[in-house]
Amino acid sequence: MTNTAAREEILQRIRSAQVPAAVPVVRGYNQKGPGGVELFAERVADYRAIVHTVTNVPEALEALKGKRIVAPEGVPDEWLIDGVTWLREPLSIDELDQADGVLTGCAVAIADTGTIVLDGSEAQGRRALTLLPDYHLCVVRQDQIAASVPEALQLLEPTRPLTFISGPSATSDIELNRVEGVHGPRTLEVLIVI
Amino acid sequence: MARNPVTWLGSPTFPKAAKEALNDTQLRQNLRKATGTIRGRRAAAVAEMTDWEMLRVAGEQIKDDVLARLDTLLVQLEESVTARGGVVHWARDAEEANRIVLDLCRAEQATEVVKVKSMATAEIGLNEALEAGGVQAIETDLAELIVQLGEDRPSHILVPAIHRNRSEIREIFQRRMGVEVSDEPADLAEAARVYLRQKFLTTKVAISGANFAVADTGSIVVLESEGNGRMCLTLPDTLITVMGIEKLVPSWQDLEVFLQLLPRSSTAERMNPYTSVWTGVTPGDGPQNFHLVLIDNGRTATLTDSVGRQALRCIRCSACLNVCPVYERTGGQSYGSVYPGPIGAILTPQLMGDLHDPLAASLPYASSLCGACFEVCPVRIDIPSVLTHLRAEVVEAKGRTAESVAMSAAAWIFREASRYEKAQKAGSLARFLAKDGKITSLPWPGSKWTSSRDVPAPPSESFRAWWRKNRCQE
Ligand code: SF4
């Protein structure tokens, strides 16, 4: 640790401010929500992401044929259909940048907000994998969809690197209107498996 | 002690700057359009939540708890970040923080760093300090980039280039990037993407702020839209995060409140496109060197003021700017600080800690006290109360006068919303008492005020009531 003097002085100043104890936090807000596949699909689509509800993943991946797609560690073998050039780790920054897209699973999804959360485990890879390719195809199983933000946070391990994704990359910086497509993947496609 | 760069050197007082801004019709048009859009969208995003008020109350209580236990929580944060491979630094003021960051950049032999938008680094004037030390800071947030390339100053917390419309942005991009581009927002975004791509892929050091830091896990949280944040937080070898000491939440569970309050209040979305959470260093994923710089820079002084300290609950959503009738007309730059609008009017003078400074002393008057800011604030900061409290302090600083007595009375009135409403109603009645458009006496509690000055006759409907009817609902 560096600069002990600054640390001690700041902590001392805080103590001498003598802020009185606060009232206990009342968590009267909703812990749950209606949830469900339909709500999740609708909310994801609101961000102008592409959403499909499917029963068979390999069939739904046909459209990837002829493309160079990143597939992180732990992606099920049956997803790795023929006719796609699958890019596997180790991959350099440039290789990721030049890929046509990336196929992942997810850790948790949130129906209320149309959010998918990646935690770097099984079928998700390190964070750069879902950032550099311009197209992200994410497979969400029905049983991974939490109803609300509070429910989702309980299911996550905070010390893993987490990325919450709600629609494609966007900006509100020009006249405060949302425009899709800046630095992150400009196309987000979500397959909900029921 | 060095001057606090939270205000820009040589800025005029608020009324002077505002007068000039009011003559800029283009500016007012841009702001009216942008804030009008966001007001309506925010109202819709909030109306969807049946438990919004409960979330606001929880947000207020969690933040008050943070302020009450700040020393313990900071030490806890330090322990958890250190345990996960991060290094924690402490900075008493802007100068100390800037030196720490510059030394870290030099240790990595970096001459260029990429930056994610951060109010804390803007507040301490980090970019200028780095430049003086030979390190070029590249802003990667679209609006920050517009400000940086336009050699301009920010005018909004969330969208620093809110005062620029699309054709002005086009002009800046063409001039500085040397590219042909249309004024379509999608094309402008594409131009920024191309311009920054190589920087992201090759720069070794990134600097970020933090929206939240979770004391018990050491996790840092950054909310963003474009993916520039993810680029900076993921690709470089070294990440330096600069954060005000009040940005804590005690536990992971507390984020469930703020991840709902912040996106709806700031960009009026159910959720912003990207939120990144990281804890120290993760082998094989993201930066392998992580530094967290905790800055005081006037916060502990603010903490000593029992009324003013609530400003430290602020989560920088900018909702109060977007609803403020004064901000909409004067623009953000009139406030002479990186923190404009209602929050700036109460935060800047407190961080400066010098009410003898003419600009700081003028800021608490940069408001009509209409109360719209309090109504939208996700952590329920009672900005009108703090404003009147600070006005009293300004007057106090000038010496105890009849006006200072009246101001304390006003502060007392504004501290309770109900008292304020009562005073306002009394104010509407007072119109019948006016002679020559001036009131020399008001019924209680306004009488405490008029005992020392003549006030102009108010319109029959109070401004606050009018505003609530006409604008808050938008
Ligand atoms: S004072 Fe409240 S409304 Fe204003 S920016 Fe801070 S949190 Fe948002």
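Colleague: At what angle do the axes of helix 1 of chain A and helix 4 of chain B cross?

Modeller: First, the ground rules: this is a predicted model, in which local features need pLDDT of at least 70 and side-chain atom pairs count only at pLDDT 80 or more, while totals for chains, interfaces and linings use all residues. Residues are numbered from 1 along each chain as its sequence is written, chains are lettered from A and ligands numbered from 1 in the order in which they are written, and side-chain values use heavy atoms, with hydrogens and water left out.

Modeller: Two packed helices are described by the angle between their axes and the distance between the axes. Here the axes of helix 1 (residues 4-17) of chain A and helix 4 (residues 70-83) of chain B cross at roughly 150 degrees and come within 8 Å, the helices being DSSP runs of H or I with at least four residues and the axes lines fitted to C-alpha atoms over the stretch in contact, with angles running from 0 to 180 degrees between N-to-C directions. The two helices are therefore roughly antiparallel to each other, a label for angles over 145 degrees.

Colleague: Which residues make the contact?

Modeller: With contact meaning heavy atoms within 4.5 Å, R7(A), L11(A), I14(A) and R15(A) of helix 1 of chain A meet L70(B), D71(B), L74(B), V75(B) and E78(B) of helix 4 of chain B.

Colleague: Which stretch of chain B does UniProt list for "domain: LUD"?

Modeller: The unreviewed UniProt entry lists residues 76-281 of chain B, though such annotations may be inferred rather than shown by experiment. Over residues 76-281 the chain is 44% helix and 20% strand, strands being DSSP runs of E with at least two residues.

Note on methods
Parallel < 35°, antiparallel > 145°, perpendicular 65-115°, else oblique.
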